[in-house]
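Dear colleague,

I am handing over the structure we spoke about, with the sequence alongside. Please look it over first, and then read the notes on what was found.

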Amino acid sequence: MRRTVRLRLTALYGGLFLMAGVVLVALIYLLVRYSPFPAPPAAPAPFGGLAVPVPAPRAAQADTLSRLLVNSLIALAVMACAAMVLGWFMAGRVLRPLGEMTATVRRITADRLDRRLAASGPDDELKGLADTFDELLDRLEAAFTAQRRFVANASHEMRTPLTLQRAMAEVALADPEADAAALRGVLERVVAAGKHQERLIEALLVLARSQQGLARREPLDLAVIAGQALDEHPGISLGSDLGPAPASGDPALIERLVTNLLDNAVRYNVPGGRVEVATATRAGRSVLRIANSGPVIPPDQVHLLLQPFQRLDSGKRASGDGLGLGLSIVAAIVEAHHGTMDARPLPGGGLDVTVTLEQG
């Protein structure tokens, strides 16, 4: 017979009852064994003499104890059998929800993550287990959905430049009168498309690395990294207030975080616009803030900016110079460092992004 939980619970309940019964029988036997028997009433002497008590016979006491022990053991055996039967049925009743959960879980696959246990009944350990499993399924379904969407978007973004390269090459090959200058122009466009693919692949690798978490942490300063990133944009109108902001994490990922935020602020700006960068320490945490002028962003569209292959213009996919991965990479890096990220649109247009990290 397979050793199921029901069988083990039944054996456990029956064994505990049997042990308690044996202890009870032993106690009753000892109490009766060492308790004094009451003396029988004295028999009256004939002819008005004094009454003489008659001692209880030892044989009668031993016979009483023997019969008490035998009857107690018989009763214990009967009650142990009854306890095993009742324990079997009660264990089955208690474990019935687990059987239903198991049957439901077996029907859940990667293509059918919409099923839930939805346990009802009292708020006990089994319902807590079912609710926890439902929450896990919610997270898995969201992760699978995001993964499928990401793969579909990545495939689309990769296919577009590849199709463009192939079309340019086919047009150049189909033209028998194409001279060296025309072929050179086609090759330059092919190289530009290849560079765009390299940037896209690199961004995808950084995003995947960020989502895997951190393998190690090193002390760093957000002010130093932000200052280095500002040196790479000398031609824009910048306002900076870089106070000390020590933190710990992966310096390469934090550098990419700052670079992406700054590039995003410069790329999605208006002519003659401005970018503000600030670092500071607040309440024992390091803060990086980058704000820029730019087009007006509807507040209900801000969450789209943190999704892969989304742009500021009402959630359209990335095209042209932008990859649509900048802020999604930033969000993944912040999550890997167990920090927080707050992105809010400015009333006059533009975006204000604040990243908060734990200090090292």
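A residue counts as buried under 20% relative accessible area, as exposed over 50%, and as partly exposed in between; glutamate 188, at 48% relative accessibility, is therefore partly exposed. Please bear in mind throughout that this is a predicted model.

Glutamate 188 forms a salt bridge with arginine 184, and the closest N and O atoms of this pair are 3.6 Å apart. The two lie four residues apart in helix H4 (residues 180-211), so that about one helical turn separates them, and arginine 184, at 57% relative accessibility, is exposed.

Arginine 166 is exposed, with a relative accessible area of 59%, while glutamate 170 is partly exposed at 44%.

Glutamine 165, which is placed in helix H3 (residues 125-174), is buried at 16% relative accessibility. Setting aside neighbours within four places in sequence, glutamine 165 is in contact with Val190, Ala193, Gly194 and Gln197.

The model has six salt bridges in total, and one of them pairs aspartate 352 with arginine 344, with the closest N and O atoms 3.2 Å apart. Aspartate 352 is buried, with a relative accessible area of 1%, whereas arginine 344 is partly exposed at 40%. Through shared partners, salt bridges join Glu276, Arg289, Arg344 and Asp352 into one network.

Key: Residues are numbered from 1 along each chain as its sequence is written. This is a predicted model: local features need pLDDT of at least 70, side-chain atom pairs count only at pLDDT 80 or more; totals for chains, interfaces and linings use all residues. Side-chain values use heavy atoms; hydrogens and water are left out. Buried means under 20% relative accessible area, exposed over 50%, partly exposed in between (1.4 Å probe, protein chains only). Contact means heavy atoms within 4.5 Å. A salt bridge is a side-chain nitrogen of Lys or Arg within 4 Å of a carboxyl oxygen of Asp or Glu.
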